Each structure stands twice: as C-alpha cells, then as structure tokens.
Amino acid sequence: MFVILMNRNLAPLLGALIALAFASLAQSAKQPNIIVLLADDLGYGELSCQGNPEIPTPHIDSIATNGVHFTSGYVTGPNCSPSRAGFMSGRIPTRFGYENNPIGHRNEDPTIGFPVDETTIAEALQDAGYVTGIIGKWHLGGTAAHHPFRHGFEEFFGFTHEGHYFVPPPWKGVTTMLRRKTIPGGGEGRWVGKKKLIYHAWPSNEPDYDANNPIVRGGQPVEEHEYFTDAITREAVDFIDRHDDKPFFLYVPYNAVHSPLQGADVYMRKFAHIEDIHRRIFAAMLANMDDSVGDILKQLRKSGLEENTLVFFLSDNGGPTKELTSSNAPLRAGKGAMYEGGLRVPFIVQWKGTIPKGKVYDHPVTSLDISATAAANANAQAPKHIEGVDLVPYLTGKNTDRPHQTLFWRQGNKSGLRHGDLKLVRMGNRRLVGNAKWELYDLSNDISEERDMARTHPERLAELVAIWEKMNGEMQKPMF
C-alpha cells in the first residue's frame, strides 16, 4: 500500500519530468548545428566559384552550389585578430578597443586579448545548450586569461598566436618556402636548396611563429606530427562524430593559407604543372584545405546532419598577394588595406532545406551577421548591442531590404566606410598622421576602386566623412 501511495504522489512529478525531457528533445531538434569554416589570408579571387580556374576547390564550391554565394561579403578588419574579434562578438571590434593585430611576442602580453566583458557567440550558444569547440588558430590572446575555455568554448585543439608551422622541424614531407632578409650567397630573388627548402629575399625574416606557441589540446601541449591542415580535419570530423546527437557549434579557423608556405608532397605533385614554385606551394596548401572541407561535409552527411546544419565559409581578410600569391582580383590591394582587397572576402553559406540553393546575393553582408544568424536560429540570447543581422529572412526573400546600409572600419591611421554603394577610404601611415586624404569610390561601377571621385563629388565626400566621424566618435581608443 505504501508503495502504491508513493507512486501516486510521485506521478505528477514524474509526468512533469517526462514532459520537460520531451520539450528539451523537441527544442534540440529545432536548434541547427552551426559550423564556421574560416580560411586564413585567402584572397577574394582564389576559389573556383570566385572565377579562378587554376586551383580547383570543388568542396568549398559545393557550399555555394548548395547554398548562397555572397559577392559582397566583408570582415571587420583587414588582418587576422580584429577580424576574428568582430565575428566572435557580432560587434565592430573598434567599439571595444580591439583594433590592431598582435603578432610575435605581443601575443604573450596579458593585457592583449579578447575582452572578458564582451560576450562571444560561443558563450551565447553554450547558454542555449550547445556543445562548443574550436579547432585551429585562436589569435585572440595568448595568455591564460584569454584562453578559448574562458570565452565559451569547451573543447580546443590548436594554437593561440598568429601562425604556426604546418609540420614540426625538420619539416619532412613538405616543400618549405621562407622569407629571409639575406639569402645564402646574398643577392635578390630566391635560393633553392636540394632539401625542398627555398629562401625568398624579403625585407625581414620569416616570423618565429612557433616560439612559445605550442599546439595544445585543451590547455596542455601535444606533439602533432601530421600536416596541421590534416590534423584539423581529423579533429573536426571526430568532434562531429562524437556530438552528432546534440546541438553543437564548431568553429574551424584554419591556418591555411597563411605563411609559412609549406606544401605537402602529395599536393605538390598534383600541381607539378605550375611552373612558379611560389604559386605551386600556395596551390598545394589551398587544395589541401579544400579536401579538409570536403571531409567535414562528408561527416555531416554520414551523421545525417546535413539538413540541420548551418555552414559558413569565409576568409578572415584579403590575401597578401606578394607574400603568398593569394589573389584578390578584381579588387584593389589586399591584406592590411582599407581598399576592397583587404576587407571583401570569399563568403558563402549553406543550410539545406532552409535557405535557397545556388543563390547569388549581391547586397553587402558582414562577418558580424554570423553571430546574429546563429543566435537567432538557435533560440539563443544574442550578445548585447550586437550589430549583425539574422541573414535568413534576407536569403529567403522575406526581407527585401539591404541587411546593411553602412559599414565602418578603423585601424590606426587607416579608415574606411561603405555607405550604400559609395566607399570612403583613407590610407594614412606614420608619415601621414592627420594628413592623409580621403578617397571616394562608387562600387556599383568601380569595384576595383580605380576612379577617385573625391574632387569631382565633394558634397558626397563630405556626407560620408560626416558619417564616418559620427561613428568614430562612438568608438573606443585602441587597447594596444
């Protein structure tokens, strides 16, 4: 009798728990998995879907075939770290002082890193029940206070500085090309050795990427002997396989095609027909990354997640063409510049069954929109003051307006603004502090920014300068 009474007393509680469990399962089923694949220093003109016939990229292209190809996709900075800070927060990074790009020993400065009081998309998704992981390059602070674990990620495999060698010394199984201030024997051009090592004359030596910058799993250094792009693939595929029964956010920031230039033997043979060894190594690195993307997409299909996964692919900034051969054609300039070649990047997305297939979208979008889109469709609380927008209504046609009328950039003495189809640029340097001239371009008919209209349209120039100055007054001083 006692047992029966207890069961009767527990019945309402048991029923509530069952209902809660089913509600939780239903909520999980509605939440899409989210994957962000971020290339490093990949120029606007390099993918096959961007018009480059030289280096096939079928797997990356398939995201565009099965989704939406943005022709005017922008990032929040012309180099690695501020670009990542913008995507991670969904806010213009200059708003919270994250304007510049820490390199070398500055990665170990404890005052430099993504601010702890800024909410990342990983934190927002984790609070919505997502499992979160990052595999690859972090570059948002190299000290303990700025570790990915302290910004919403529960799994991390990769490194924290701006770059890393793809294989450990003595660099077996690859052809390596390094910049060197003085090449053996002196002179200009290149020195080509017998051991698949090439030196390229440059104003400075190749940075010491691996100094105090180990590859880590979680917080502990590990020995990794596989070519790092392949290691990223292995870890990403494993992450999906282990978490395919729950909603997950997987951020895969490749270090390809960032220097140092190291092409794996199998890919070097594939592109043996490319005569220029510099370009051949780049092609090998890009093709290697494309195959990695293919393996990740294959695992999604294997796990039955393809229709419930939102996949973004983009580059963190424009390509440094002279350094890597990474082309930004037909755009002007590249990495580090406020011209289109530094800020407009390859940018594609797929979400089968939810957004259109094979659509080309020409209105400006920004990496800020990734966080906003992820939060909105994951039923997550978006970070405060987020500046991105949920792209899904724009891609499905429910909203026919432009996602953004105005985009703002600032880095030191370099500034930029896109307002409608007009683009404002100021490329100051140390010699031109306060004296650099504004330039004005109409991107609707001058995507290469060849015809400066500053003198011929002074009223439009003044209008855009006023908008930039108003927005600039809302920004913080650089933290470093």
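Predicted model: local features only at pLDDT ≥ 70, side-chain atom pairs only at ≥ 80, totals over all residues.

Reader: Which residues touch the most other members of the largest nonpolar core?

Author: The general idea is that nonpolar side chains tend to be buried together in soluble globular proteins. Here the largest nonpolar core has 56 residues, and those touching the most other members are Ile-35, Leu-37, Leu-42, Phe-248, Leu-250 and Phe-313. Helix H7, residues 277-302, supplies the largest share of this core, with 13 residues. There's also a second, separate core of 46 residues, with Ile-134, Trp-351, Ala-374 and Val-392 among its members.

Reader: Okay, now the gaps. How many cavities of 30 Å³ or more turn up in the whole structure?

Author: A cavity is a space where a 1.4 Å probe fits but cannot get out. The search finds three of 30 Å³ or more.

Reader: What lines the largest cavity?

Author: Its lining consists of Met-177, Leu-178, Arg-179, His-200, Glu-206, Ser-259, Pro-260, Leu-261, His-278, Glu-323 and Leu-324. Two elements give two or more residues to that lining, strand S5 (174-180) and helix H8 (321-324), and S5 gives the most, with three. By class, you get five nonpolar, three polar and three charged residues.

Reader: And which element gives the largest share of the lining of the second largest cavity?

Author: That would be strand S16, residues 406-411, with three residues. The lining of the second largest cavity includes Trp-409, Arg-410 and Gln-411, along with Pro-78, Tyr-98 and Met-338. Sorted by class, this lining has six nonpolar, four polar and two charged residues.

Reader: Last one: which residues lie nearest the centre of the largest pocket?

Author: Unlike a cavity, a pocket is an open set of points. In this model the largest pocket has about 760 Å³ of space. Its lining runs to 28 residues, with Asn-101, Ile-103, Arg-179, Glu-323 and Lys-335 nearest the centre. The lining splits into seven nonpolar, twelve polar and nine charged residues. You've met two of those names already: Arg-179 and Glu-323 also line the largest cavity.

Key: Residues numbered from 1 in each chain as written. Heavy atoms only, no water. 1 Å grid on protein atoms, 1.4 Å probe; cavity = no way out; pocket = protein on both sides within 12 Å on 5 of 7 lines; lining within 4 Å. Points joined across faces, edges and corners; volume = space filled by probe spheres on them. Nonpolar A, V, L, I, M, F, W, Y, C, P; charged D, E, K, R; others polar. Core = buried A, V, L, I, M, F, W, Y, C linked by side-chain atoms within 4.5 Å. Buried < 20%, exposed > 50% of the residue type's maximum accessible area, 1.4 Å probe, protein only. Helix = DSSP H or I, 4+ residues; strand = E, 2+ residues; numbered from the N terminus.
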